[in-house]
Amino acid sequence: MKLPAWFRSVISKFFQRSQIAEEMEEELRSHLQFRADDLERSGLRRAEAERRARIELGGRERIKDECHEAMGANLLDTLLQDVRFGLRMLRKSPSFTVVAVVTLALAIGANAVVFGVMNALILRPLNVPQAENLYGTEYGVDTGFQSYPNYVDLRDRNHSFEDLAAFNFAFVGLDTGKDPSPASGYATSGNYFDVLRIQPYRGRFFHSSDEHGRNSSPYLVLSYAYWHSRFQDDGSVVGRTIQLNKHPFTIIGVAPPEFRGTLLFVSPDFFMPIVNQEQVYGGNPLDARGNFHAVFEAFGHLKPEVTPAEAVADVNAVGAYLDKTYPKEFAQRSSSLSRVGLTSFGGAVRAFVTGLMLLAGLILLAACANLGSLFAARAADRSREVALRLALGSSRTRILRQLLTEAVLISLVGGTAGLLGSIVLLRRMSMWQPFPGAPIHVPISPDAKIYAVALVLALVSGFLFGIVPVRQVLRANPYEVVKAGSGGRVGRRLTVRDALLVVQIAICAVLVTSSLVALRGLERSLHANFGFEPRNAMLVSTNLSMAGYSDDRVLPMQKRMIAAMETIPGVERVGLVNNYPPLVYGAASRANVFKQEAADLRPSNASATPYRYDISPGYFGAASTTLLAGREFDWHDDKSSPTVAVVNREFAAKIFGSVSNAVGRYYKLQDGTRIRVVGVVEDGKYLSLTEDPQPTMFLPSQQTPSSQSYLVVRSSRDPQQLTAAMRSELRELDEGLPVDINTWNTLLDVVLFPSRVATVSLGVLGMMGAMLSITGIFGMAAYSVSKRLRELGIRVALGAQRKEVLQAALGRPFKLLAFGSVAGLLLGILATRVLAFIVYQATPRDPLVLGGVVLAMLSLGLLATWIPAQRALSVDPLIMLREE
Amino acid sequence: MADQAQLLPGTLDLLILRAVALGPRHGYGVLLRIGQISGNALLIEQGALYPGLFRLVRQGLLKASWGTSENNRRAKFYELTAAGRKRLQEETDGWNRLAAAMACALAAQPEEV
């Protein structure tokens, strides 16, 4: 009720004002008439009398202002007056207004987008109560994987967490009675939902009390999105029994819509109890302490009085206990706490997003610098107006307030435009699923925080560039300006405006440098040697447990699949790799290895922790991995024959000293198995493109079969046709087996995703930086040329050559450009250290990058000074001198 | 002109009220009346008058209305409100007390202390 009334009074004041002003004017006019009448009576002529009357009355504007104030014109009132005047002034110079608004809209929009991402990924990662107090524990192996018994011990022995929940991924075939299809979800501890403190949307959740040992809890909770898409919001689904990998599970509830799991990029379709993981997902023993694939992350709320540092010490103490108690299966490494949601990617993501935020902030700063100089130039051009207003009795504070109001008006309009644009972009991003077939997306929802940040940024930047001309106005001497005209002198010393321009060019150079570095890195990673050839290779993902194959039926079926693929015309080589091939979904497992003579097989004593791949004969051929020495596997390397391995060059060098040394030698696994090296292959990339050469061993998949595997099929045929042929072959073998066929390159997109994102975002910011510096340099050069036209005219008249004219006109902008570029380049080189986390071989020590930056900055300068240079050259001394 | 007195701060309002109390006046008339009743000893700067008038209107001591002057010019006329009359009385009393006290203080001779 109150607000509308307030608005009405504001609006009526806005409109009444002109009426009041008119009345005031009339009253003063009548005053002048009376006075003139008196003066006329004393003998003056009418005209002279009126003139005298006006002089006696003094500055009418000031009187009116004072009357307004006397009438209790409050802040709002003068503000409204300023706003109306500001709008009129801005309307009078539309090009200035448009440039300023667009500049700000871009800069604030960029900030809002980056802040939106930061808000979603770092500030408010999970949609659960008290998320700020929720910590994940990483111990054991680097990636946060740990075994279930270790989790149980940590849960029961720590004194820091209120409770500790755990989850793992579960990729299953979900069968509702019709059309079985793959689904991805979480296998979670019973207390998962209670630890997160969330309530079901429908039905109920499972709890710790539902766990009674292995495979005791066949319950399923659906995510809201999956319930919506697969079950069409059908409420009767609660209580129904469905099949996960051919095992019956009862749907007991649906999770709330805003809860999308505890990992940011992977939203699950369902949640199942982790105690049933082994039943559904064979070959992943839950009770084995050495099985680090059983739990992905454990997390919980810290107790209120416990600090994170204390919690780390506590977790480490439990780790030390486990190390002492289970020396064979556990290796103590120092643990750390992480924010739930990003796990071990957290560091890189945080560094990158923070870096982006910093860059976006710099862009905004550059925009402010730009607009600041525009405003300063404008204030200089308006010095006549300002001087007149001063002379007519307006106060300096009043004029400054006016200028600031204009600046803030521009910044608010620009900010609003930028915010609207950024919200559209953020909405798009949150809908976007970068990888078809993978449950990966970027969960961003614009919220009030983004609006607030954009508003604050707009206001702050408005004040920032608004105060640039303040000193100029305060110094203005009305008599000087009115007398001498706006010509003025061009100062030789460094002004604020010059400094701003240098800062801005430096920022731009930083951005250009880092985007070039990212681009080069991306290009290099696309052409790097992966240790395999992704082109012309198809990957077929199958999980035989989804179709209910028992362990002993896995191997024969896999052999049949390989044979079936080989019969397809055009297929050259076929191989199989358990779990995931290199560089797919960032999944790779490691194992400890020991020298042959090692007796103490504790993890802490391991000679190396190489990646481990279990492959079939023919895999190296299908992957195009070059064999450097020895032989590859054949079908005789099975369970009944001695255990053998093929290792990569790095492994050979690390354990045996050299490639030629390795073949025929032995090493040991954690469990004591003695393995003979039969071959050596080239190094490659396994987990990420940015990794250094890593030791890797390949073991025969026949000796350790797994129901989850990828077939690698090499063929130069068109992938589309080939896919159809492969699908029909596999359907002939087993109709109920879900298969997923992609090219290897498609799946590489996932590993390339971070560097692509980095390159695109840096490129966009770099372009914005470049645009800003072009307008900045252009503004400065144009202004300095127009100020010095007369001087240039005289120079030309005195016989100056084109070169000298250019030097006189543009020497200064170019000097500033050079100075700023060098500073920016140096800063950029420092900044790329952050980039090295994400982008493959991000190094600025690359002649192409350095050359590119110099070239880019130079062409920016040329582009920006072209028009002013033309203007300087076309000076006609005759016209110039006549005009003055 | 040389014998004009400097206006003390705060006295302008009182003078305006006094001038208007003698009958509704327009702005210029108030100016003339002040000159007249002070024996031309107090001359008010023309520009300072109007903010004073507006201030008094806002405080509800004066009310203004448009009318026609004796020589047929349109003008805004000011007259006292009841509150204005009361305020004039108070301020006049206060001023008289102050003036008497000041006069007394300034006239004091050494032997009287």
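Student: Which residues does α6(A) bring to its meeting with α10(A), and how do you know that they are in contact?
Tutor: From α6(A) come A:Asn150, A:Asp153, A:Leu154 and A:Arg157, and they meet A:Val315, A:Val318, A:Tyr321 and A:Leu322 in α10(A); contact is a matter of C-beta atoms, placed from the backbone, that lie within 7 Å. This is a predicted model, in which local features need pLDDT of at least 70 and side-chain atom pairs count only at pLDDT 80 or more, while totals for chains, interfaces and linings use all residues. Residues are numbered from 1 along each chain as its sequence is written, and chains are lettered from A and ligands numbered from 1 in the order in which they are written.

Student: Why are α6(A) and α10(A) called oblique to each other?
Tutor: The axes of α6 (residues 148-157) and α10 (residues 308-325) of chain A come within 10 Å and cross at roughly 130°, on a scale of 0 to 180 degrees between N-to-C directions. Angles under 35 degrees count as roughly parallel, over 145 as roughly antiparallel, 65 to 115 as roughly perpendicular and the rest as oblique, and α6(A) and α10(A) are therefore oblique. The crossing of α6(A) past α10(A) is right-handed, the near helix being turned clockwise from the far one by less than a right angle.

Student: What makes β2(A) largely enclosed by the rest of the structure?
Tutor: Of the 11 residues of β2 (residues 165-175) of chain A, 10 are buried, so the strand is largely enclosed; buried requires 20 or more other C-beta atoms within 10 Å of the residue's own. For chain A, buried residues make up 44% of its 884 residues.

Student: How do you know that β2(A) pairs with β3(A)?
Tutor: DSSP must find at least two bridges between paired strands, and β2(A) has eight with β3 (residues 181-188) of chain A, in the antiparallel sense. Within β3(A), A:Tyr186 is the bridge partner of A:Phe169, and in the hairpin of these strands, with five residues between them, A:Gly177 takes a positive phi near 110°.

Student: Which bridges link β2(A) to β9(A) and to β6(A)?
Tutor: With β9 (residues 297-301) of chain A there are three bridges in the antiparallel sense, A:Ala166 standing opposite A:Ala298. With β6 (residues 241-244) of chain A there are two, again antiparallel, and A:Leu174 has A:Leu244 as its bridge partner.

Student: Why are β1(B) and β2(B) said to stand at the edges of their sheet?
Tutor: The open sheet of chain B has the order β1-β3-β2 with antiparallel pairing, and β1 (25-26) and β2 (62-68) each have a single partner strand, so one side of each is left without a neighbour in the sheet. Seven bridges join β2(B) to β3 (residues 74-80) of chain B, among them the one between B:Leu62 and B:Leu80. Helix α3 (residues 46-58) of chain B packs on the sheet, touching β2 and β3 of chain B, with its direction at about 120° to that of β2(B).

Student: How many residues does each chain give to the contact of chain A with chain B?
Tutor: Chain A gives 16 residues and chain B gives 14, and α1(A) contributes the most on the side of chain A, with seven.

Conventions. Contact = placed C-beta atoms within 7 Å. Helix = DSSP H or I, 4+ residues; strand = E, 2+ residues; numbered from the N terminus. Buried ≥ 20, exposed ≤ 12 C-beta atoms within 10 Å, placed from the backbone.
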